[in-house]
Amino acid sequence: MSQKVLVVGDVMTDIIVVPEGPLVRGSDRRATVRSRPGGSGANQAVWLGAMGARVLFAARVGEAERGRHEAYFRARGVTPVLAGDSELPSGVLVTLVDPDGERSFLTDRGSNLNLCPDDLPESLLDAVGMVVVSGYSFFAPGPRQAVRQLFATAQARGIAIAIDPASTGFLREVGVAQFLGWTGGADYIFANADEAELLTGKRDPAEQMAALGAHFGTVLLKRGGQSALLGGRDGVRLDLPAPAVTVVDSTGAGDAFAAGFIAARLDGADERAALEKAIAAGARAVQSIGGQPG
């Protein structure tokens with residue numbers, strides 16, 4: 001694989017809580033509690049590294065933790081480009097996992113909120129074939145300015161751009177029209193069923209595909225344990241089933257899916273082969289706790 005991929009996104013520590021049953025207000029519930037490295041951008045970068053991609057990961061972390069984070073990413077085949085923040089610590093995410101594997105999040109983005117244009121110099125784009133930007137980077141003014149500037153520079157240099165919407169909660173806060181205005185024109189969007197419905201106002205996957213295709217070159221719709229679709233303005237080109245697996249934790253499944261597709265495309269795979277690899281990566285991810293490969 002000759003071209004590099006640049007991932008821009010959050011570094012988080014995921015605190016994953018799997019209760020044995022429904023929460024008991026004002027009292028105890030036994031649970032499994034684990035701490036794992038996380039963050040949508042970090043997850044994508046580590047999955048890409050595990051797949052043999054040449055990957056750069058740009059983010060902002062607490063200055064006190066920067067050395068530890070850099071060592072972690074290097075050990076996983078990722079070249080870190082991490083700015084240190086002297087004001088805020090690295091981000092933390094608490095994930096509550098339901099019995100069916102679905103998740104709810106409590107998010108403190110910490111130093112990720114201070115990502116700025118100086119953290120993303122144009123030189124990062126040298127020899128890069130694709131830039132992958134997590135939607136979280138668009139949900140606060142500072143990071144949004146930084147990634148939009150990088151976005152424009154990448155487009156001017158003919159570098160492909162992929163967007164992951166990341167959070168329906170934050171999408172509602174900033175507004176769908178605003179988000180589409182900031183990200184429209186990207187070459188790829190990876191959207192799950194809830195994100196696609198929110199972004200388009202439509203429930204039918206074929207209608208979602210056409211609507212998103214008006215803004216993005218290639219649309220990938222992640223349908224969880226059902227299937228994954230690929231297409232664009234002219235409709236669905238591929239609709240492939242997902243394998244039946246036991247879901248332990250769906251954290252990071254979408255990140256693994258995106259990494260599988262991107263790694264395959266940069267390695268020269270056609271759309272079908274890349275989508276197959278994306279589905280396989282997503283299926284692998286849900287079978288273990290945490291958002292990154294073990």
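**A guided look at the model**

Guide: Met 51 is partly exposed, with a relative accessible area of 31%; buried means under 20%, exposed over 50% and partly exposed in between, with a 1.4 Å probe and protein chains only. This is a predicted model, in which local features need pLDDT of at least 70 and side-chain atom pairs count only at pLDDT 80 or more, while totals for chains, interfaces and linings use all residues. Residues are numbered from 1 along each chain as its sequence is written, and side-chain values use heavy atoms, with hydrogens and water left out.

Visitor: Leaving aside neighbours within four places in sequence, with which residues is Met 51 in contact?

Guide: Met 51 sits in the loop between helix H1 (40-50) and strand E4 (54-62); helices (H or I, at least four residues) and strands (E, at least two) are DSSP runs, numbered from the N terminus. Contact requires heavy atoms within 4.5 Å. On that basis, the partners of Met 51 are Ala 256, Ala 259, Gly 260, Ala 263 and Ala 281.

Visitor: Which parts does the pair of Phe 139 and Phe 170 tie together?

Guide: Rings of Phe, Tyr and Trp (its six-membered ring) pair if their centres lie within 6.5 Å; planes under 30 degrees apart count as stacked, over 60 as edge-to-face and the rest as tilted. The rings of Phe 139 and Phe 170 have centres 5.5 Å apart and planes at 50°, so this pair is tilted. Because Phe 139 belongs to the loop between strand E8 (128-134) and helix H3 (141-156), and Phe 170 to helix H4 (residues 168-174), the pair ties together parts that are 31 residues apart in sequence: that loop and helix H4.

Visitor: Is Phe 139 buried or exposed?

Guide: The relative accessible area of Phe 139 is 12%. By its own value, Phe 139 is buried.

Visitor: How much space lies in the largest cavity?

Guide: On a 1 Å grid over the protein atoms alone, a cavity is a set of points where a 1.4 Å probe fits but cannot get out, and lining residues have an atom within 4 Å of a point. Grid points are joined across faces, edges and corners, and a volume is the space filled by probe spheres set on the points. The lining of the largest cavity includes Asp 10, Arg 60 and Arg 109. The space in this cavity is about 40 Å³.

Conventions
On a 1 Å grid over the protein atoms alone, a cavity is a set of points where a 1.4 Å probe fits but cannot get out, and a pocket is an open set with protein on both sides within 12 Å along at least five of seven lines; lining residues have an atom within 4 Å of a point.
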